[in-house]
Amino acid sequence: MAGWVRKTSRGFVVSEIQVLLESIREAIRNAHAPAVPPVDPESLAQQLETQLSLRLRPTLRPVINATGVVLHTNLGRAPLSAAAQESLSAVSAQYTNLEFDLETGERSHRDKLIESSLKEVLGAEAAAVVNNNAAAIFLILNTLGAGREVIVSRGELVEIGGSFRIPDIMARSGAVLREVGTTNKTRIQDYEAAIGLETALLLRIHPSNYRIRGFTHRPALEELVELARRRQLPLVEDVGSGCLVDLRPFGIREEPLPQESLRAGVDLVCFSADKLLGGPQAGVIAGLRKWVDPVRKNPLMRTFRVEKLIYGALQATLASYRTGRAMEEIPVLRMLSMSRDEIAARSDAFIEKLGPCLPADSSLEIVDGISVVGGGSCPESQLPTRLITVRSGKTSAGRLEQSLRSQDPPIILRIEEDRAVIDLRTVFTHQEETLLAGLRRVLE
Ligand SMILES: *Cc1c(COP(=O)(O)O)cnc(C)c1O
């Protein structure tokens with residue numbers, strides 16, 4: 001144990017030994033004979049070794065996402081680009097100019113760091129960054145709408161994953177929700193009829209995770225812009241995903257581009273940075289300075305502001321858009337644009353490597369399937385893929401999924417029609433060897 005004492009401390013190792021011995025005593029007292037671990041010095045040392053390694057393993061761990069769900073919220077949404085990772089390590093362990101103007105030597109504001117990148121990418125006059133899009137909407141409503149009315153279409157009162165519901169956020173922000181239209185049809189006249197002395201702003205929300213189909217109507221953005229201008233009200237749009245490039249060629253339709261909304265005359269947009277944008281968790285607020293400034297000066301801004309790591313990672317992510325390299329450099333975009341043929345070729349090569357080492361009672365097959373965008377985006381987009389289905393003669397699909405999940409790093413996959421399926425779309429090529437090794441261990 002001397003090695004562990006050097007690496008940690010005597011006190012820590014001693015207390016872990018006590019924990020181990022106590023658990024062995026407990027097993028003996030309960031007299032579950034087969035469950036009592038051996039107590040010779042060698043196996044005690046080995047048990048302690050395992051216990052210490054497990055105890056010190058971080059609870060937040062990298063996993064292999066073999067589900068084919070690109071923006072898997074439970075798996076941390078967007079994995080960052082190489083440039084964003086470099087920025088994290090560069091700014092994390094040193095002092096930075098977070099709020100320090102290097103030219104004047106005076107105090108500065110942290111949003112200044114990112115504003116020029118955001119302005120360039122979005123064509124916005126001003127921009128601010130907060131913790132996530134939920135915070136962005138809350139802050140906008142609280143700043144511009146508290147004590148007054150905010151007009152929203154009944155078809156757009158979205159819930160994003162449990163705790164985030166527009167009516168609840170609105171209530172907490174102090175703004176009064178003024179619903180107009182119906183679930184399926186809202187016309188521009190409905191907005192106009194609701195405008196009164198109490199109206200603070202018009203809010204348009206992208207129905208990120210659902211679609212209303214059939215007998216429907218939603219005003220064109222241009223109509224809302226015209227109305228807002230004529231009645232001198234700010235028009236705010238929650239575009240959801242922060243999709244900055246046209247993804248229609250890859251089957252992702254109906255995602256509003258924030259820069260297009262701003263160009264069309266929306267006064268303020270907000271969106272997440274860790275959905276289709278492919279950056280760290282953050283919320284972006286961008287638009288006219290006369291609306292961004294008061295939001296930034298809201299005393300609650302302090303509770304939603306982000307730290308230096310986020311500015312670094314977000315700026316590095318935005319740089320890929322500025323240089324026109326986003327499709328190649330941003331993992332989320334790389335994965336979404338991967339063709340079925342590309343995935344097919346990888347899957348073929350993968351099972352060729354895995355196949356020969358498998359026990360005779362297990363089988364692999366490649367079949368057509370669908371990957372999903374996830375993260376509450378693009379519910380109707382279907383990305384054609386090739387799935388590797390894995391069957392074992394010894395265990396069920398459920399057990400297989402469970403065993404793969406307990407590997408180090410954990411391998412997360414989907415169960416479909418009682419088969420364990422692997423979608424290589426979301427597996428990085430550098431993870432393939434680890435995935436292979438994990439599968440071999442589990443199937444043996
Ligand atoms: C995802 C989403 C949100 C919430 O964004 P977070 O960054 O997860 O807080 C809000 N509105 C819309 C329309 C969304 O799609």
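Ser347 touches Ile366, Arg386, Ile388 and Leu424, when residues up to four places away in sequence are not counted; contact here means heavy atoms within 4.5 Å. The structure is a predicted model, in which local features need pLDDT of at least 70 and side-chain atom pairs count only at pLDDT 80 or more, whereas totals for chains, interfaces and linings use all residues. Residues are numbered from 1 along each chain as its sequence is written, and side-chain values use heavy atoms, with hydrogens and water left out.

Ser347 belongs to helix 16 (residues 340-354). Helices (H or I, at least four residues) and strands (E, at least two) are DSSP runs, numbered from the N terminus. Ser347 counts as buried because its relative accessibility is 0%. Buried means under 20% relative accessible area, exposed over 50%, and partly exposed in between, with a 1.4 Å probe and protein chains only. The side chain of Ser347 also reaches the backbone oxygen of Ile343 at 2.8 Å. Such a polar contact is a pair of N or O atoms within 3.5 Å; within protein, one must be able to donate a hydrogen and the other to accept it, and residues adjacent in sequence count only if both atoms are side-chain atoms.

**Strands**

Arg386, a contact of Ser347, lies in strand 13, where Asp368 stands opposite it. Strand 12 (residues 363-374) pairs with strand 2 (residues 69-71) in the parallel sense over two bridges, and Val372 in strand 12 is the bridge partner of Val69. Strand 12 pairs with strand 13 (residues 383-391) in the antiparallel sense over nine bridges. Two strands pair if DSSP finds at least two bridges between them. In a regular strand the side chains alternate between the two faces of the sheet.

Gly393 is found in the loop between strand 13 and helix 17. With a relative accessible area of 55%, Gly393 is exposed. Beyond its neighbours up to four places away in sequence, Gly393 touches Asp361 and Ser362. Glu401 lies in helix 17 (residues 397-405) and counts as buried, at 16% relative accessibility. Leaving aside neighbours within four places in sequence, Glu401 is in contact with Leu413 and Ile415.

Val121 is placed in helix 5 (residues 112-122). Val121 counts as buried, at 17% relative accessibility. Its contacts, not counting residues up to four places away in sequence, are Leu244, Gln259, Leu318, Tyr321 and Arg322.

**The ligand**

Of the 13 residues around the ligand, Asn133, Ser208, Asp238, Ser272 and Lys275 come nearest; a residue is near a molecule if one of its heavy atoms lies within 4 Å of it.

| Residue atom | Ligand atom | Distance |
|---|---|---|
| Arg77, polar side-chain atom | oxygen | 3.0 Å |
| Ala134, polar backbone atom | oxygen | 2.9 Å |
| Asp238, polar side-chain atom | nitrogen | 2.6 Å |

Taken alone, the ligand exposes 380 Å², and the protein buries 94% of that. Accessible areas come from the Shrake-Rupley method with a 1.4 Å probe; for residues, only the protein chains shown count as cover.
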